[in-house]
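Here are my notes for your first read-through. Keep the structure open beside them as you go.

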There are 2 protein chains.
Amino acid sequence: MAFDFRLTKNDLHSKARLGRITISHGRINTPVFMPVGTQATVKTMTPEELKDIGVEIILCNTYHLYLRPGHELIKNMGGLHKFMHWDRPILTDSGGYQVFSHSELRKIKEEGVYFQSHLDGSRHFLSPEKAIEIQEALGADIIMCLDECTPYPSTYEYTKDSMELTHRWAKRCKEAKKSEGQSLFGIVQGGMFQDLRKESAEAITRIGFDGYAIGGLSVGEDKVLMYEMIDAVVPYLPEDKPRYLMGVGTPEDLIEGVMRGIDMFDCVMPTRNARNGTLFTKYGKLGIRNAQYANDPNPIEDGCNCYTCKNYSRAYLRHLFAANEILAARLGTTHNLYYYIRLMADIRDAIERDGFQEFKAEFYKNLNS
Amino acid sequence: MAFDFRLTKNDLHSKARLGRITISHGRINTPVFMPVGTQATVKTMTPEELKDIGVEIILCNTYHLYLRPGHELIKNMGGLHKFMHWDRPILTDSGGYQVFSHSELRKIKEEGVYFQSHLDGSRHFLSPEKAIEIQEALGADIIMCLDECTPYPSTYEYTKDSMELTHRWAKRCKEAKKSEGQSLFGIVQGGMFQDLRKESAEAITRIGFDGYAIGGLSVGEDKVLMYEMIDAVVPYLPEDKPRYLMGVGTPEDLIEGVMRGIDMFDCVMPTRNARNGTLFTKYGKLGIRNAQYANDPNPIEDGCNCYTCKNYSRAYLRHLFAANEILAARLGTTHNLYYYIRLMADIRDAIERDGFQEFKAEFYKNLNS
C-alpha cells in the first residue's frame with residue numbers, strides 16, 4: 001500500500017487541519033501524537049494496552065535498535081512489527097539525533113558520522129545510506145532521513161553549514177532508499193534562524209518526500225522562539241503532505257503546534273514523566289509522590305476514563321511510587337498516554353466542529369485555574 | 001460469610017486431596033498456589049491480569065503494609081481489597097517472618113518483638129494483639145497468628161522454647177481477634193525436630209483455628225528434611241481444615257507438598273525469578289538472558305497458552321531483559337504465574353480423575369528430560 005495523505009478539513013481561524021494517513025499497517029488520524037517505543041517497547045506497556053488507549057502509530061529509535069539487538073536480528077525475526085507484536089504503523093527516526101545526543105565521541109564528516117556506542121564504547125559509522133539500510137531492515141512504515149540536529153545555541157555560520165550538510169544527506173537518503181512499502185520523510189533544519197528555516201524548507205521540499213519533519217526544535221530554546229521557527233517553516237511546506245514536529249512536546253506545545261499547521265508529534269514526555277510520578281491533568285501536572293496525596297481517595301483526574309483513574313486512588317498510586325513498585329510506572333504511563341491521546345482526539349473533534357478556538361481557550365482556562 | 005472448607009476428594013494413593021474454601025470474597029479451589037503481593041501489588045501485575053491467569057487468592061505482607069503506607073491509612077481507604085482494586089480473597093501473614101528476616105536489631109520477649117524498620121530505622125513493637133489489630137485493619141479474608149519462625153539451624157532447646165512461645169502467642173492471637181468476617185489460621189513450628197513438630201501440631205490444633213499452617217520450613221534445610229517435617233505434622237492436623245505450607249516453593253515442592261496432604265502454598269519464587277529472567281517450563285528453568293536465545297523465534301515454552309508465549313519470542317524477551325525494560329518483568333511474571341497456576345490446576349485435574357501418580361511421574365520425566 002502506497003503512502004496516502006488526505007486532508008479532510010482546514011480550520012477557519014488557524015492553520016490547524018484534519019487529515020488521514022493510510023499506510024500499509026493502517027490508518028492514522030491527524031493531528032496525531034506518537035508515543036515513543038525506544039527499544040521496541042513503549043516503556044511499561046503492552047501493544048494491546050496501547051490500542052485500548054487509542055494509539056494509532058508509535059515511534060521507535062533506530063540508534064538503539066541498531067546497537068541492541070541489531071537491525072539484522074530484527075529483520076531475521078520478521079521485522080520490527082512482528083518482533084514487538086505491534087501490528088499498527090511504526091515510524092523510525094534515522095538514528096542521527098541519538099548519535100549526537102548520546103555520544104561524546106563522534107565526528108561528523110561529509111560521508112557520515114563516526115561514533116562510539118553508549119553501551120560498550122564500540123565504534124560505528126552512520127551515513128545516509130546506512131541509516132536507510134537499517135530502517136529498511138527494521139521495516140517501519142515511515143522512515144526518516146539522516147540529518148544533523150544542530151546544537152543550541154549555534155552560530156549562524158555553523159547552523160548554515162550544518163543545514164546544508166543535512167540537505168546533501170537528504171538527497172543521498174532518497175537515492176539510497178530501495179524498499180517499496182516504506183515512506184520516507186525529509187527533515188527541515190536551520191536552527192533558530194528564520195531565513196535558514198525558510199531556505200531549508202524550500203531545499204527539502206525541492207528534493208521531494210512523502211512528508212516533512214521539522215527537526216532541531218525543543219532543544220533548549222524558549223517556547224516563543226520555537227513557535228516562531230514553526231511559523232517560519234510551515235508556509236514553505238506543501239499543503240498536501242503531513243508535517244511532523246519532531247520530539248515535541250508538552251500538552252501546550254501540541255495545541256500550539258496544531259494551530260500552526262502541524263500534523264504529527266512525538267515525545268517521551270508522557271511516558272518518562274509517568275515513571276517519575278509526574279502525571280498530566282487538565283489542571284496541570286500533578287506530582288503524585290507529594291505527601292498531600294497520601295490519604296487522597298480521588299483519582300488522578302476526576303472524570304478521566306483511563307484504566308488508572310477508573311480503578312485507583314491517588315493514595316494507592318502514591319504508595320506504589322513510594323514503594324518503587326513497577327505497577328506505579330504502568331499505571332502512571334497508562335494515564336499519561338491516555339491524557340495525550342485523548343487531548344489529540346479532543347483537538348480533532350474541536351476542529352471538526354469548528355470549535356478549535358473555544359477548545360484552546362478552555363484548555364488554557366483549566367490549565368491556569 | 002463464615003469460613004467454609006469442603007473436602008471433595010481424597011487421592012487413593014497419596015495424602016493428596018481436593019477441596020473448596022468459601023469465604024467472603026469468593027471461592028478457592030484447593031490445592032491452591034497464592035501469588036505474593038508484598039506491598040499491596042503482585043509485582044508488575046494488575047488485578048485483572050491475575051484473574052485472567054486464574055489466580056483465586058493472593059497473599060499480602062503485614063510487615064510491609066504496616067510500615068508503608070500504614071494499616072490505618074489502608075483502613076481509612078476502605079481496606080486492602082478496595083485500596084489495591086482486588087476483589088477476590090486475600091491472606092495476610094502476621095508480619096513476624098519479615099520482622100525476623102529483615103531486622104538486624106530485634107528483641108524477642110514474652111510480650112512480643114521489638115524491632116527497627118528496614119526503611120528508616122524507626123522503632124516498633126509487634127505483639128500477638130498488635131498483629132491481629134493490624135490484620136483486622138487491613139481486612140484480609142484469612143489472617144495469621146504471630147509466630148516465631150525458628151532460625152535454621154537451631155538447637156533442640158532453642159527450638160522448643162521458641163515453639164512454646166509460638167503456642168502462647170497463638171492463644172493470645174485467638175483471644176485478641178474481634179472481627180467477624182475474617183478467618184484465623186494457627187501456625188505449627190518445631191524446627192527440624194519430628195517430636196517437636198508433632199507436639200506443636202497437637203498444641204495448635206488444641207487451641208483451634210479455621211486452618212493450620214506449617215511455618216519454619218524452606219529456611220535453608222535440604223528438601224528431604226523439609227518433606228520429613230511435613231510428614232511429621234500432617235497426621236496430627238484435622239482432616240476437615242485446610243493445611244497451608246508457608247513460603248513454599250519450587251514446582252517440585254508443590255507436587256511433593258500436595259502428595260503429603262498440603263492444600264495451600266505461597267512463594268515469591270515465580271514473581272521474583274521472573275524479574276531476574278528465570279522462567280519456568282515443564283522442562284525446567286530457562287535463563288532467558290542467555291545468549292543462546294538471542295535469535296530464537298520460539299516462545300518460552302512450546303504449547304504454553306499464556307499471553308507471553310502466545311505473542312512473543314524468546315529473542316524479543318531476551319532483548320527486553322538485556323535492555324532492562326519493564327515489559328521484560330511483566331511478560332516474565334505473566335508466564336511464571338501462569339505456569340504455577342496451571343500446574344495447580346493440572347494437579348487438581350489429575351487428582352479428580354485418579355491420575356495424580358501418573359501426573360507426577362510425567363512431571364518428573366519432563367523435568368529430567
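1. Domain bounds here come from an automatic or database domain assignment. For chain A that gives domain 1 (4-267) and domain 2 (268-369). Taken over C-alpha atoms, the centres of domain 1 of chain A and domain 2 of chain A are 26 Å apart.

2. Before going on, a word on the ground rules: this is a predicted model, where local features need pLDDT of at least 70, side-chain atom pairs count only at pLDDT 80 or more, and totals for chains, interfaces and linings use all residues. Residues are numbered from 1 along each chain as its sequence is written, while chains are lettered from A and ligands numbered from 1 in the order in which they are written.

3. Now the contact between the two domains of chain A (residues count as touching if their C-beta atoms, placed from the backbone, lie within 7 Å). Domain 1 of chain A puts in 29 residues and domain 2 of chain A puts in 26 residues. On the domain 1 side, by class, you'll find 18 nonpolar, seven polar and four charged residues. (Ala, Val, Leu, Ile, Met, Phe, Trp, Tyr, Cys and Pro count as nonpolar, Asp, Glu, Lys and Arg as charged, and the others, Gly among them, as polar.)

4. How do chains A and B relate? A rotation of 180° with 0.0 Å of shift along its axis superposes chain A on chain B, RMSD 0.0 Å (fitted by least squares on the C-alpha atoms of residues with pLDDT of at least 70 in both copies). That is the relation of a two-fold axis. In chain A, the C-alpha nearest the axis belongs to Ile326(A), 3.6 Å from it.
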